[in-house]
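The sequence and the structure are shown first.

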Amino acid sequence: MQVVVVVVAASSRHREMCSCYNCSLFSFLVSRLQMSSVTRLRPRLQAILFMLQFEEQVSNLKPDIVSVKAACEEVRSSDKFAKLMELILLVGNFMNAGSRNAGAFGFSISFLCKLRDTKSADQKMTLMNFLGEICEEQYPDILGFTEELNHVEKASRVSAETLQKNLEQMGKQISTLEKDITDFPEPQDEHDKFVEKMTSFVKVAREQFDKLSTMHENMEKEFEDLGQYFIFNPKKISIEEFFGDLCNFKNMFLQSVAENKKRKEMEEKIQRAKLAREKAEKDRLAKQQKNQLIDMSEVGDETGVMDSLMEALQSGAAFRRKRGPRQAANRKGCAMTSILAKELTKDDAIGLPASKKKIIEKDKMAVATPKEQDELMEEMLTRSS
């Protein structure tokens, strides 16, 4: 009543501005007055809110339960993943040979993510890269284990504690609603269908909750069996932690395989570049040698230059001086001059001194032509005979 009085006492200037507000306020007061007359209003509103949110709660809980249950079945039934675990155990025992950890029968799943921390001496490869390379070269069927663990990633995002709390809260809400319906008084209005509607709803909600509870129990049983299979305590290692390690290992393994492929492509590229440089150098040397042979053939048209040179060096012919045609002619002329000088000396030995006769003969031979030298030679031979 005070609010109405304040609105009425307002100045005429604000009446038009507050007209819409007055209508809304009046409607609210009327509706509140009507609601106050409804019996057990709070339980009714809580039940209606739960009914509206029930399908959403089921759609949030059911996929998480299904994902964890499916992931447990996949990990346990995957033969390729089991072979990979055997290979990792073998490599670990080989690396730990001679130490107190040698000859191990198993290892913790959390160890899988640490394979990437172990590196080679040159820091270029990790143990994860090495495992990927072995699988590619010798065990290619193991590489398909990632396709058999499809629900591991979804299961890694499930919190078992949150899932348990949400199920317990849903069960409490259903139990509370069932109790309220039982204690609800008879409706005073024929249009009041609350009890009828809620009775049918709570029946369906109870059935779905029982199914979810059964699925959750089966999920927990599957995870406990998985703990016995891999020798770990399910109470100490949660669902989120276990499947989180498997999900990280799966992603790391795929990344290592991709790194190996990229490294091999880079090595092949470097090898191709090296072969191309060697081929280019070989072609250049061949072309240069071919040009040298062409130049030598144009100068002297000779073949086997190196072979001839080696033979000449071995036989000593390269160190002998060859006489040219002019030197041979001079030698012949000198021989003829000696013969003529001898003949003339014999004939004129009485009249002239020997030294003077030699000078005369030398002058004659120097002045004579080749034809005259031949005639003189014949004359000297005739006289000698």
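## Surface and overall composition

The protein chain has an accessible surface of about 28,000 Å², and carbon and sulfur atoms account for 56% of that area. The coordinates come from a predicted model. Of the 385 residues in the protein chain, 25% are buried.

The secondary structure of the protein chain consists of 15 helices and zero strands. For contacts between residues at least 6 apart in sequence, 73% join residues at least 24 apart.

## The largest pocket

The largest pocket holds about 430 Å³ of space. Two or more lining residues are contributed by each of α4 (41-77), α5 (79-95), α10 (194-230) and α11 (239-300). Helix α5 supplies the largest share of this lining, namely five residues.

In total, 22 residues line the largest pocket, and those nearest its centre are M85, F107, I109, Y229 and F230. Classified by type, the lining comprises 14 nonpolar, four polar and four charged residues.

## Annotated coiled-coil regions

An unreviewed UniProt entry lists residues 160-222 and 256-292 under "coiled-coil region". In the model, the segment 256-292 is 100% helix and 0% strand.

Apart from neighbours within four places in sequence, S256 is in contact with M128 and N129.

T162 belongs to helix α9, which covers residues 160-183. With a relative accessible area of 41%, T162 is partly exposed. The C-alpha atoms of T162 and L61 lie 9.8 Å apart, although the two residues are separated by 101 residues in sequence.

Which residues does T146 contact beyond its neighbours within four places in sequence? The contacts of T146 are with K250 and L254. T146 itself is placed in helix α7, residues 145-148, and is buried, with a relative accessible area of 10%.

E153 is part of helix α8, which comprises residues 152-155. E153 is 82 residues from A71 in sequence, with a C-alpha to C-alpha distance of 8.7 Å.

## Backbone geometry at I231

I231 lies in the loop between α10 and α11. The phi angle of I231 is near 55°, a positive value in a residue other than glycine. Most residues other than glycine have a negative phi.

Is I231 buried or exposed? At 71% relative accessible area, I231 is exposed, because the value is over 50%.

Methods: Residues are numbered from 1 along each chain as its sequence is written. This is a predicted model: local features need pLDDT of at least 70, side-chain atom pairs count only at pLDDT 80 or more; totals for chains, interfaces and linings use all residues. Side-chain values use heavy atoms; hydrogens and water are left out. Helices (H or I, at least four residues) and strands (E, at least two) are DSSP runs, numbered from the N terminus. Buried means under 20% relative accessible area, exposed over 50%, partly exposed in between (1.4 Å probe, protein chains only). Contact means heavy atoms within 4.5 Å. Accessible areas come from the Shrake-Rupley method with a 1.4 Å probe; for residues, only the protein chains shown count as cover. On a 1 Å grid over the protein atoms alone, a cavity is a set of points where a 1.4 Å probe fits but cannot get out, and a pocket is an open set with protein on both sides within 12 Å along at least five of seven lines; lining residues have an atom within 4 Å of a point. Grid points are joined across faces, edges and corners, and a volume is the space filled by probe spheres set on the points. Ala, Val, Leu, Ile, Met, Phe, Trp, Tyr, Cys and Pro count as nonpolar, Asp, Glu, Lys and Arg as charged, and the others, Gly among them, as polar. UniProt positions are given in the numbering used here, feature names are shortened, and annotations may be inferred rather than shown by experiment.
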